[in-house]
Amino acid sequence: MDGLSRRRMLLASGALGTFGTLGVAAPARARSLWTWAPSGSVAGEGAGLDPEWVWDEEVDRLVAAVIDRGDVPGANAELRKWTRNDQPLPGGLPADLRDFMERARRLPPWADRAKLETAAGFNETRGLYLNLLNGVGGGMLSTAIPREARAVYYSKGGADMEDRVAKTSLLGFAVGDLNAYRPDGDVIVQAVKTRLVHAAVRHLLPRSPGWSRTSGGQTIPISQADMMVTWHSLPTYTMRKLLEWKVPLTPAESAAYLHLWQVTAHLLGIRDEYIPATWDDAEAQSRQVLDPVLAPTREGVELTDVLLRQLAEQTSPGGIDRPLVNALARYLVGDQVADWDGIPREPFWERAIATAWPKLVAFREKLIPLPLVPPLAWTIDEAARQYILFYLTKGRGTHIEIPDTNRPG
C-alpha cells in the first residue's frame, strides 16, 4: 500500500478504539471477517486484503485536490459536455482530472464485446423485470443498507431526493440501455462521473457531524466493501429474483448479464480482485458482505418514505396509489427488509400481488395462456410500468456532478 493507504488504515483502526462510545449508532448486525478468496474474482488473483480497508486512492487524492482548490464549478460545467462513450473529453477540464478520466474510461482487457452485445439484447427482452428489480428493488435494499442510507442522507444529494433519484437513474438507465457499451451509449460516461462523485463524498462526508455521529466508527465512507455491498444489491439480487420468478434464462444470457455488471464495476473503480467471476462466486461474496449488514436506520426509513411518496405522486396525483406502491415494494424485497424500511403493510394488495405476479410473469414468458391471468394482474402490471417510467425518466435534464459540500444544515 502507498502512504495514503497506510494512513487511512491507521485512521480507521484507531477509530475502533472509540467504537464502544459509538455503538448505539452502529448497525444492528455486524460485518463478518473477510474470507472471500481473490481466486473467485475476474482477476483470478489478488492480495486478499479486506476491502473494508481499501478505497480508491488515486481518484480520492485527485478529487480532494479539485475540491480544495475550488475547481468544482468549472469541472462540472465541462463534464456536462461529455455525454457519449466515444466522445473526446472536454478540453476545459483541469489537466490532472482529464488525464485520470482518459485512463478511467478504458474498458478492462478482459471485457468481451460479444457478451456485452448479448447483455444488451437481454436488457431489451427482459427490461420490465430488470428495471423493476434494479430501480425499485435495488432502491429499497439500498435504504436498508445502513452505511449507504447514511452516506446518501448526509451528503449533498440527501437534501433533494428527487434530484438524487434523477442522478441515480442516469447510471441505472445507461447500464440497461440497448446501446450501453456501444460508441453512442453513455454507460462509460455515467460510471466514470459516478466514480468522481464517490471520491468527493469520501473527502467531504467525514466533515459532516451528522454522518460522524452515526457512522459506527467508520472514518472514511464508501470503501471497496461498501461498493461491493451496493453492487450485490443490484445484479446479484436481480438474478436471485429472476430465478425465483422462474424467468427462463439461457446460459449465454446469464453469463452476459453478469459480464455487463462486471465491466460496470470496474469502471466504477472496484478492484478486479473483488469483482466475482461467476454467479456462484457472486452469491458467496454477497452472503458475506450484503446479507449480514442489512438493518434499519432512521435515515433509511425517511429516505424510503420519500422515494415511495414520489412514486405514488408520480403515478397518481394525490398519492392514492400509495397502498399499491407499498405492497409492490414489499413484494420485491420481502417482509424483513420492508419492515426495516418502515414500509406499511397493505394486506389486500400484498395478497393480490403474491397471487397475480407469478401468473403475469408466466404469461409474459409464454408459459401459461391468457385466461389464467387474473384481471387484477394488469393493474399491478401498470403500477410496475409506471414505477419503471418514473425510474427511467427522472434522469432527463439532470447531470451527475461532483459535489463540493455535504447536506446543508
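Predicted model: local features only at pLDDT ≥ 70, side-chain atom pairs only at ≥ 80, totals over all residues.
Where does Lys246 lie? Lys246 is in the loop between helix H12 (224-244) and H13.

With Lys246 selected, check the backbone: its phi is near 60°, a positive value in a residue other than glycine. Most residues other than glycine have a negative phi. Lys246 counts as exposed because its relative accessible area is 63%, over the 50% cut-off.

Next, select Lys366, in the loop between helix H17 (347-364) and helix H18 (376-393). Phi of Lys366 is also positive, near 60°. The relative accessibility of Lys366 is 73%, so this lysine is exposed.

**The whole chain**

Of the 409 residues, 56% are buried. Take the contacts between residues at least 6 apart in sequence: 76% of them join residues at least 24 apart.

**Ala111 and its partners**

Select Ala111, in the loop between helix H5 (95-104) and helix H6 (113-125). Draw a distance from its C-alpha atom to that of Gln262: the separation is 8.7 Å, although the two residues are 151 apart along the chain. Apart from neighbours within four places in sequence, Ala111 is in contact with His259 and Val263. Ala111 has a relative accessible area of 21%, and is therefore partly exposed.

**A buried aspartate**

Go on to Asp272, in the loop between H13 and helix H14 (279-289). Asp272 is buried and has no salt bridge. Which side chain of opposite charge is nearest to Asp272? It is Arg195, 9.2 Å away. Show the surroundings of Asp272: residues up to four places away in sequence aside, it touches Ser41, Val42, Ala43, Trp110 and His266.

**Salt bridges**

The count of salt bridges comes to 31. Three of them can be displayed in turn.

- Glu58 and Arg103: their side chains meet at 2.8 Å, N to O. This pair links distant parts of the chain, with Glu58 in helix H3 (residues 57-68) and Arg103 in helix H5, 45 residues apart. Glu58 is partly exposed at 36% relative accessibility, and Arg103 is partly exposed at 38%.
- Lys81 and Glu78: this salt bridge has an N to O distance of 2.8 Å. Lys81 is partly exposed at 48%, whereas Glu78 is buried at 13%.
- Glu350 and Arg345: here the N to O distance is 2.8 Å. Glu350 counts as buried, because its relative accessibility is 15%, under the 20% cut-off. Arg345, at 46%, is partly exposed.

Finish inside the protein. Rolling a probe the size of a water molecule over the atoms shows where empty space is left. How many cavities of 30 Å³ or more are there? The count is 3. The largest cavity holds about 60 Å³ of space. Its lining has 11 residues, and those closest to its centre are Asn123, Asn131, Asn134, Gly172 and Gly176. Display helix H7 (127-142), helix H9 (161-176) and helix H13 (251-267), the elements that give two or more residues to this lining. By class, the lining of the largest cavity consists of 6 nonpolar and 5 polar residues, with no charged ones.

Definitions and conventions. Residues numbered from 1 in each chain as written. Heavy atoms only, no water. 1 Å grid on protein atoms, 1.4 Å probe; cavity = no way out; pocket = protein on both sides within 12 Å on 5 of 7 lines; lining within 4 Å. Points joined across faces, edges and corners; volume = space filled by probe spheres on them. Helix = DSSP H or I, 4+ residues; strand = E, 2+ residues; numbered from the N terminus. Nonpolar A, V, L, I, M, F, W, Y, C, P; charged D, E, K, R; others polar. Buried < 20%, exposed > 50% of the residue type's maximum accessible area, 1.4 Å probe, protein only. Lys, Arg positive; Asp, Glu negative; His and termini not counted. Salt bridge = Lys/Arg side-chain N within 4 Å of Asp/Glu carboxyl O. Contact = heavy atoms within 4.5 Å.
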